[in-house]
Amino acid sequence: MRRLARWRRTPWASILYVALVLLFLFVPLAIVVLFSFHASPRMAFPFQGFSLRWYEEIFTDVEILRAMGRSAIAAVTTGLVTAILGTLAGLGIVGLNARAKGAVMFFAMIPMSFPALLYAIGLAVYYRELGVGFSLGATIAGQIIQSLPFVLLVISATLDRFRFSLIEAARDLGAGAFHAFRTITLPIILPAVLGSMLLAMALSADEFIVAFFTAGQDKTLPLMMYGRLNVKLDPSINAIGTVLLVATSALAFISARRTSKESL
Amino acid sequence: MKPNRIVTALQLAPASVYYSALFGAPLILLVVYSFYTTENFDFIPQFTLDNYVTAWTSDVYRTYFARTLRISAITALAIAVVGFFYSYVITYTLRAHRAVLYFLVLVSMFGGYLVRIYAWRSIFGAEGIANSALMSTGIISEPLDLLRNGEFAIVVAMINFYLPLGILPIYAAMQNVGPGQIEAAQDLGSSRLGAAGKVVLPLALRGVTVAFVFTFIATAAEWLTPQLLGGTEDQMIGNRIAYQFGAGFDWPLGSALAVTLVVVLALLLGAMFTLVRRWIR
């Protein structure tokens, strides 16, 4: 009887709903990963055996390796620059009064909800007028804008919980401003800084739209994948997609674990 | 400790300069460009309203705008509904596991933009995975029309990519409504669904509205999903804008279409916010 009661109390409908939503979120990705190991070029069921041939193909393709290199450069640069700009700005925002803080955060968040397509064409126009042309650097400059809001959000959330009395105490005990920053503020915000840097790297590695309009000949990995999409049935796309997915989800996963430890 | 004003200004300066130079300036220039003239495959600073006349009066573009707003509204609404119930269930019913269930959504938000669209492209289609799987198991004998590429495929793929973006604000808003408030409603005779509708929805309405607005804006400027998943009859205004910046090579017209889209979105969403605010009161 008791077992029956527990069975009745278990919210089966809720569990089913959550499972379906998660299935819906992850199934497309699982399909790409699955077919990247398919022995046959056909992307349809029934599945005809496993093979690593598509990985062999992409990891011996110089064009693709170059694109991977460009994507890596873009990710690291975006991560570093965003983390520095975001941390400095986050520390600056703390010094503002509530009203100014709200206003600054509001403006800082605009790029997050502004449509990427419209920003990308704006950048294209801008680069054309400046006469600097399209390049990987041009793309990175735009990707930094796109990830800054996320970084700022994570860092200011951490700083909001930060007890500034700690610094006051250190200063009262004779520590210099820089010394107090290095020994107190930095260790406390460092996990958030690193976490948001990884997030920015993930955003950059996965970014397609700004790269499409501003990278020119410097094709990143997503652009390479897109180029193959339109040509013909090319099963190596699954392998490229899987590499891309593993890189971005690993970064996002570590980042989310680092930054959400306290909030979880 | 009183923060030093000069230090604060210096800390804010780099990001502010960067924002102005690489976000503000490009968007201002986009507006400026929408008044340029296209001549002999060049864009010259000769003030004209022709681009806007074309963007606003041409039946072709009106069709694109109407279709875009319809598809985006359907997608954003579906995301708000699915996201509301997902947030509700993980916040209250499966409370013990909410951290993990939220974390999974968070992780799925980053990564896989192009990969997802590509995956849906392989799933849909007459010979796609969905039809081939159903046919090989003998459930159907002919490919289903619904599972071919088209508006349905576009909407499904966009819900798939933007759902986490919708769950985020709704979940955040719900964290302010304790489970006690729902129990109270149920004790007073509300059904489970009734409690969700009468107690949680009004309190989380801000989050739901933000979710709708975010996803509506994002999908209204989509271009890759309709391009890869739809036929010529399913293309959205983003495709026209991208086309003018590509093969069409009429950047000023593309800019005018972009500015028009922003204005239309601002007016629509502004009106919506006003209505919601009145409703909450």
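In this predicted model, B:Ile139 is exposed, with 9 other C-beta atoms found within 10 Å. B:Phe84 stands 55 residues from B:Ile139 along the chain, and the C-alpha atoms of the two are 33 Å apart.

Chain A contains twelve helices and zero strands, and its order along the sequence is accordingly α-α-α-α-α-α-α-α-α-α-α-α. The radius of gyration of chain A is 23 Å, whereas the globule rule gives 18 Å for 264 residues; the chain is therefore more spread out than a compact globule. Along the principal axes, the C-alpha atoms of chain A fill a box of roughly 80 × 70 × 30 Å. Buried residues make up 45% of the 264 residues of this chain. Of the contacts in chain A between residues at least 6 apart in sequence, 78% join residues at least 24 apart.

Helix α7 of chain A, formed by residues 136–161, comprises 26 residues. The distance from its first C-alpha to its last is 37 Å, close to the 38 Å expected at 1.5 Å a residue. α7(A) is mostly covered, as 20 of its 26 residues are buried.

The contact between the two chains draws 66 residues from chain A and 66 residues from chain B. On the side of chain A that touches chain B, helix α2 (residues 12–35) of chain A supplies the largest share, twelve residues. Classified by residue type, that side of chain A has 52 nonpolar, ten polar and four charged residues.

The largest nonpolar core has 163 residues, and those with the most contacts inside it are A:Leu117, A:Ala120, A:Ile121 and A:Ile240. The largest share of this core, 15 residues, is provided by α7(B). The surroundings of A:Leu117 include residues of both chains. With neighbours within four places in sequence set aside, A:Leu117 is in contact with A:Ile209 in chain A and with B:Ala221, B:Trp223, B:Gly238, B:Ile241 and B:Ala242 in chain B.

Conventions
Residues numbered from 1 in each chain as written. Chains lettered and ligands numbered in written order. Predicted model: local features only at pLDDT ≥ 70, side-chain atom pairs only at ≥ 80, totals over all residues. Contact = placed C-beta atoms within 7 Å. Helix = DSSP H or I, 4+ residues; strand = E, 2+ residues; numbered from the N terminus. Nonpolar A, V, L, I, M, F, W, Y, C, P; charged D, E, K, R; others polar. Rg over C-alpha atoms; globule rule 2.2 N^0.38 Å. Buried ≥ 20, exposed ≤ 12 C-beta atoms within 10 Å, placed from the backbone. Expected span 1.5 Å × (residues − 1). Core = buried A, V, L, I, M, F, W, Y, C linked by C-beta atoms within 7 Å.
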